[in-house]
Amino acid sequence: MTGSIQTLPTEVVNLIAAGEVIDSLAAVVRELVENALDAGATRIAVAVWFDLWRVRVADNGTGMDLTDLQKAASAHSTSKIQSCDDLYKITSLGFRGEALHSIAALAELEICSRQTGFEGWRCTYNTQGEAEETEAVAIAPGTVVTVSNLFGKWRLRRQGLPSRSQQQRIIQATIQNIAICHPSVTWQVQHSDRSWFTISPGQTTQQIIPQLLKQVRVHDLQQLTLDVPTPEEGKKGTQETKEFTYNSTPKTRHGASLHLVLGLPDRCHRRRPDWVKVATNGRLVRSPELEQTILTAMAKTLPRDRYPICFIHLQICPSQIDWNRHPAKAEIYLHSLSYWQEQISQAIEKALRIGAENFDTASQSHRVGKLLTASAKKGVYHLDESPKQERNPSDIGLIELKAVAQVRNMYILAEHDTGMWLIEQHIAHERVLYEQLCDRWQLVPLEPPVILNHLTPVQLEQLQRIGLEIEPFGDQMWAVRNAPALLHQRDDCADALLELSLGGDLQNAQVATACRSAIRNGTPLTLDQMQTLLNQWKMTRHPRTCPHGRPIYLPLEESALARFFRRHWVIGKSHGI
């Protein structure tokens, strides 16, 4: 390197900045769509011509007058912030004032806009973002932005971009990620003058996700919206915070809101964690800590190597968010992170419970104090018949299940107000015992100790890792002097301890213990025993699946039975009259 340090020319600075903001066709789509949403649009049409490197975004937002239109592409020009203080209370999707200026530097930019009740105008801009040509045009209220010949003067940039098919996937994912944050918006997307995909509006994200994931249906998802108090440290001395809802006027209130859409684990899941998504104030963001919180909350509810479908949208006071620690606004830093993690965990736990009215209005119940226990006396299981803990008066949403019969000594047939369910007794009991073990992992002394043979060093280490006391007892023999409480009275305790020695962490050990201790299929139960099991199972935190991810119950709703038996037919019609 040679030469002295010197200040870069303005045009070079602008090109560097433009390259950071606009790096692909997808970036153009993202910036223009965010501007449309900030303008209050409820219908957005996106068209892409890959061969021409052209993008057009049309919306029905508020539009711009001629003065604003002429300044729209100027450097660092925006209507969304005006002072340094505004950087700490950002409520819009765009706020840097660089998008249109960067696009003008890298492509041919044309904007047509009209406000309701006023004349429409069309402007084209030069590479400095200055308006060159201005003329009146007849258009509907809103704005139409056309970007042509992107990177036309930088052919090497085009060669370095992904293939056309990859760009299509990125653009589609970009629009879909924005759509789930703004469910009330209608989307029409075209490429090369042909229809590509559409997204119809919905009241909540629950109606949007099935349009994006074709194998998922609306009733496979559970939605929950909770009012959440804002932590004191984020209030900065005031007792009021603002809830910012897009396309509506913010209202003042005490707290924030958490909107959750969760794929029920017994109905849908993914091979990759690509649908574990977090949004704050209308923007999908990366938050590794919150994403891991979701995965942890869903642990032991899904099959092995499967991941949940989960969307969390936090509408919180902007003072709780630091946007300016990531230049692309793709990653956020929340103040009081542990507080928000706790709120998300509690919301997921509430959504996974089984309650009436699709448990949208079901209150979170208190856990029962005593859970089912099992013993192995002569191979017969005796369920705890002790009185149940009194319910909280507010716990009115839980479904009342009545045990009717046992099918093949394997399934419990239960009826409720809207139909009947089949519950597999072994995995329902396994879920109960697993949560009991998670809450009370208790090791009790073994008298006499259990003798195990030919353990490998890895097995010894595993038993010690989960807290078992083990010591040599001879040649290739070891004495185990304590064991989980559910196993110590079992005749097959030695076999169960060998299972625990085969690997995994404490959580896997608890799963293995619960599985071995649960009622075996083929075990006859009385109606009282079945009823006790049902009452305890439905009060668990995650009653839909066992710790291995298998579905526990099969619902047979009254409406489905009525359709099958054609009870809506009139008598005369059924007799051919």
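**View 1. Six-bridge pairing: 6 bridges join strand β12 to strand β15 (residues 310–315), and the two run antiparallel.** The model is predicted: local features need pLDDT of at least 70, side-chain atom pairs count only at pLDDT 80 or more, and totals for chains, interfaces and linings use all residues. Residues are numbered from 1 along each chain as its sequence is written, and side-chain values use heavy atoms, with hydrogens and water left out. Helices (H or I, at least four residues) and strands (E, at least two) are DSSP runs, numbered from the N terminus. Two strands pair if DSSP finds at least two bridges between them. Leu258 of β12 faces Leu314 in β15. Strand β9 (residues 221–228) is joined to β12 by 8 bridges. That pair also runs antiparallel. Here Gln223 has Val261 of β12 as its bridge partner.

**View 2. Strand β12 (residues 256–263) is largely enclosed by the rest of the structure.** Why does it count as enclosed? Because 8 of its 8 residues are buried. Buried means under 20% relative accessible area, exposed over 50%, and partly exposed in between (1.4 Å probe, protein chains only). In a regular strand the side chains alternate between the two faces of the sheet. Both faces of β12 are covered. One side carries Ala256, Leu258, Leu260 and Leu262. The other carries Ser257, His259, Val261 and Gly263.

View 3. Contact means heavy atoms within 4.5 Å.

**View 4. Helix α8 (residues 288–297) meets helix α9.** Two packed helices are described by the angle between their axes and the distance between the axes. For α8 and α9 the axes come within 9 Å and cross at roughly 30°. That makes α8 roughly parallel to α9. Angles under 35 degrees count as roughly parallel, over 145 as roughly antiparallel, 65 to 115 as roughly perpendicular and the rest as oblique. The crossing is right-handed. A crossing is right-handed if the near helix is turned clockwise from the far one by less than a right angle, and left-handed if anticlockwise. From α8 come Glu289, Leu290, Thr293, Ile294 and Ala297. From α9 come Leu337, Gln341, Ile344, Ser345 and Ile348. These contact residues divide into 6 nonpolar, 3 polar and 1 charged. Ala, Val, Leu, Ile, Met, Phe, Trp, Tyr, Cys and Pro count as nonpolar, Asp, Glu, Lys and Arg as charged, and the others, Gly among them, as polar.

**View 5. Helices α2 (residues 25–38) and α6 (residues 164–181) cross at roughly 20°.** Their axes come within 9 Å. The two helices are therefore roughly parallel to each other. The crossing of α2 and α6 is right-handed. Leu25, Ala26, Val29, Arg30, Val33 and Leu37 line up on the α2 side of the contact. Gln167, Ile170, Ile171, Thr174, Ile175 and Ile178 meet them from α6. This contact holds 9 nonpolar, 2 polar and 1 charged residues.

**View 6. Ile103 sits in helix α4 (residues 99–106).** Is Ile103 buried or exposed? It counts as buried because its relative accessibility is 0%. Not counting residues up to four places away in sequence, Ile103 touches Ile22, Val28, Leu32, Leu109 and Val147. Ile103 and Asp23 are 80 residues apart along the chain. Their C-alpha atoms are separated by 9.9 Å.

**View 7. Ser148 belongs to strand β6 (residues 142–148).** Ser148 is buried, with a relative accessible area of 13%. Which residues does Ser148 contact, leaving aside neighbours within four places in sequence? They are Trp53, Arg54, Ala107 and Glu108.

**View 8. Strands β18 (residues 402–407) and β19 (residues 411–416) form a hairpin.** They pair in the antiparallel sense over 5 bridges. Lys402 has Glu415 of β19 as its bridge partner. There are 3 residues between the two strands. In the turn, Arg408 has a positive phi of about 55°.

Terms used. Axes are lines fitted to C-alpha atoms, for helices over the stretch in contact, and angles run from 0 to 180 degrees between N-to-C directions.
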